[in-house]
Amino acid sequence: MTTVTEPVKLTDGLQQFIAEWKDRPGNLIMILHKVQEEYGYIPRQVAIQLSKELDVPLAKIYGVITFYHFFKLRKPGKNKISVCMGTACYLKGGEDLLHELETLLGTGVNSTTDDGIFSIEAVRCVGCCGLAPVLMVNSEVYGKVKKDQLADILAKHRES
Amino acid sequence: MAFKSYVLVCGGTACQSSKSEEIYKNFIAELEAAGIKDEVQVVKTGCFGLCEKGPIAKVLPDESFYVKLTPSDTKEIVSEHLVKGRPVKKLLYQGEETKKLAKIEEIGFYQKQFRIVLRNCGVINPEDINEYIARDGYAALEKVLFQMTPEQVIEQLKISGLRGRGGAGFPTWLKWNFTKEVNDFPKYIVCNADEGDPGAYMDRSTLEGDPHSILEAMTIAGKTIGSNKGYIYIRAEYPLAIHRLEVAIQQARELGLLGKDILGSGFDFDIEIRLGAGAFVCGEETALLTSIEGERGMPKPRPPFPAVKGLWQKPTVINNVETWASIPVIILKGGAWFANIGTEKSKGTKVFALTGKIKNSGLVEVPMGTTLREIIYDIGGGIINDKKFKAVQTGGPSGGVITADYLDTPIDYENLQKLGSIMGSGGMIVMDEDDCMVDIAKFYLGFTVDESCGKCAPCRVGGRQLLDYLEKISKGKGTREDIAKMKQIGNAMKRASLCGLGQTAPNPVLSTITYFEKEYLAHIDDKICPAGKCKALITYSILPEKCIGCGLCARRCPVNCITGEKRQPHVIDQSACIKCGECYSVCKFGAVARK
Ligand SMILES: Cc1cc2nc3c(=O)[nH]c(=O)nc-3n(C[C@H](O)[C@H](O)[C@H](O)COP(=O)(O)O)c2cc1C
Ligand code: SF4
Ligand code: SF4
Ligand code: SF4
Ligand code: FES
Ligand code: FES
């Protein structure tokens, strides 16, 4: 693949973070977290830029990104829905919630709706097992979710 | 007491998700409006453990325990309880006894608990170091810095009998002693807060509710083994816990409890937070250390153990959150005090995240040696809807199931292992008659196959094969030989896998085969799933004699495969049915049969 790679301008927050972390050992994962916080995923251009700034081979950066589930290579929807598939939630019907969401949004897990408003992913325990089944929209946690509440939850976030 | 009363509002993740922040603010506003804001202090605490009944608030000194609050309830609690001294009965926790229980010690959920690790959770404001200090916080560090030699610290740990709470149960004193004895510097202290077991949240609650206990313990370890630098490796999925740790580290630095020359002792120690990135295998210690180094978190063969060659090849003590949280108490009260609690070989307490089909789902801390029955029935209140108990799973993806016959087993490391499960980090998942054991085994295996790092073949290939067999069986296509093959593969994985993930991954399969072979055989021989869970083996059909033709199921069926005239029995087109069970759960007339 030959793509022209113009250097991208990194966000100020990211530049500052890199300056702070550049000389600390084992910084790559922390910097990737910051990239994802700023962009919502790890854009290829940014990864290329990182490789230059940190003097780390691009292959290594991608090796790390692909090893860890948390890092995303594709841009998520405006609202990121994370359905918990931890054991407690699984037993209480987490899978049904996931299927219902897929039906309601017409898109599958790990993908984004055509209008870019929602993306769905299945996550492991988010640590609120007492409230199983749990889902999160962005950073908002919904506990003891019932299938028939999903439409309202979607509507609420679609508007905001 | 400076204040007449205190209102403790839970600020744990679960309660925050149901508006506890607003409740906290409302309390302050209502108290101000009532003109008693100088008499009552509102404190935002960590998790009370009974998250399922959240949001929770407790009023002191009378210990009234309010549950399932809404922001508007605060008005009544302030005007009735705090102004007039009359607890608002209808908002108090209601026990099985169907009477409103006013006081926390009357609640069965708390009666058998004994809190060491969770001593400050739900008691102090975790974002205020002074509240921690007021409850003897950092007193253990002071003792270690000025009154004890490193040898004495290790001696107390040895007497205490404390064993690692991250799963393996390795004696903590021994680990510290190994690291102390190695003459290679710098050395490192690491806190394992990766909490990978899905369905467990002991470490999250501890960090959110009492972050300083971890900082204090790590500093104690630093002084004892000769390290000046600690790392906390925490899951990125725990933003509130990360925030509380950041606040705590900052406050400790400001008071000279972290950083250079701690309390004027000449000892330097600082702590840095490193984020995990969603790989279960990174909970394994060698993988975790590799991940802190910024690499792909692949496990390494041991020996060398981290105590000798750990982070950046330097001697490293790595302990679990709960292990750390026990340490300041052991130092203050003495190893002998701790050793008095528990069983012969397992001392102290253990925190469990009690979840699944249990009435009082929550976080419980009990002395080692408590029986499963006490936890499930006395503390947990039994099974939801009074269904039949089927099994309890401990140890998450590395553990196994325990059946009703063994509910009176006192919990300790050895007993759980004898039963084919493990103590694990504290996940305890209760299952009822509706849960299928083949499906559960498949769920866990699916998880470990996903999470296997792929470095060694026994785990990479064996796990996949086990999962294939389970899938085959759950579709009714299994044979009796498959069971024998699964046992063979499972045992080979246990022996030959490089790290704990692969070595323990077969446990959920092997233990369900041991205790529920009949259920496997029902799938294989009779092609039925007795629990009604495995989709390929169930059919939904409408009983014409019961169906009144209301049409509800037809409207709710996601694939529109139910048809029928109004007020006439409906029928399901079996070829189109996706077995979602929607019709079964919506029919009010019991007219949909599941077989
Ligand atoms: C696959 C795997 C996952 C693990 N996950 C965790 C974990 O999430 N938290 C933890 O404290 N220990 C975990 N451990 C155990 C650690 O390897 C290690 O034993 C522990 O951090 C040592 O601390 P302790 O002695 O205080 O228990 C895991 C082990 C394996 C093999
Ligand atoms: S046992 Fe599994 S997780 Fe562990 S090193 Fe081998 S492949 Fe990786
Ligand atoms: S919901 Fe029940 S009663 Fe109504 S049409 Fe369906 S099967 Fe018949
Ligand atoms: S099980 Fe689901 S798909 Fe099948 S008939 Fe009932 S509602 Fe329709
Ligand atoms: S299993 Fe879903 S929140 Fe823990
Ligand atoms: S988070 Fe409030 S009780 Fe657990």
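Me: By class, what does the shell around ligand 2 have: how many nonpolar, polar and charged residues?
Reply: Bear in mind that this is a predicted model. In it, 13 residues surround ligand 2, and the closest include Cys453(B), Cys456(B), Cys459(B) and Cys499(B). Cys counts as nonpolar here and Lys as charged, and Lys455(B) is also on the list of closest residues. Sorted that way, the shell has eight nonpolar, four polar and one charged.

Me: Is Thr316(B) buried or exposed?
Reply: Thr316(B) sits in strand S8 of chain B, residues 316-320. Away from its sequence neighbours, Thr316(B) is in contact with residues including Tyr188(B), Val190(B), Leu289(B) and Pro306(B). Its relative accessibility is 1%, and the cut-off for buried is under 20%, so Thr316(B) is buried.

Me: Which residue has its backbone nitrogen 2.9 Å from a polar atom of the Thr316(B) side chain?
Reply: Look among the contacts of Thr316(B), which include Ala307(B), Gly310(B) and Leu311(B). The backbone nitrogen at 2.9 Å from that side chain belongs to Leu311(B).

Me: And Ala33(B), buried or exposed?
Reply: Ala33(B) is in helix H2 of chain B, which covers residues 20-33. Its relative accessible area is 67%. Exposed means over 50%, so Ala33(B) is exposed.

Me: Which residue of chain A is listed among those with the most contacts inside the largest nonpolar core?
Reply: That core has 123 residues, and the list includes Trp176(B), Leu215(B) and Trp324(B). The chain A residue we want touches Ile29(A), but also chain B residues such as Tyr233(B), Ala277(B) and Cys282(B). That makes it Tyr68(A).

Note on methods
Residues are numbered from 1 along each chain as its sequence is written. Chains are lettered from A and ligands numbered from 1 in the order in which they are written. This is a predicted model: local features need pLDDT of at least 70, side-chain atom pairs count only at pLDDT 80 or more; totals for chains, interfaces and linings use all residues. Side-chain values use heavy atoms; hydrogens and water are left out. A residue is near a molecule or strand if one of its heavy atoms lies within 4 Å of it. Helices (H or I, at least four residues) and strands (E, at least two) are DSSP runs, numbered from the N terminus. Buried means under 20% relative accessible area, exposed over 50%, partly exposed in between (1.4 Å probe, protein chains only). A polar contact is a pair of N or O atoms within 3.5 Å; within protein, one must be able to donate a hydrogen and the other to accept it, and residues adjacent in sequence count only if both atoms are side-chain atoms. Contact means heavy atoms within 4.5 Å. A nonpolar core is a set of buried Ala, Val, Leu, Ile, Met, Phe, Trp, Tyr and Cys residues joined through side-chain atoms within 4.5 Å. Lists of a residue's contacts leave out its neighbours within four places in sequence.
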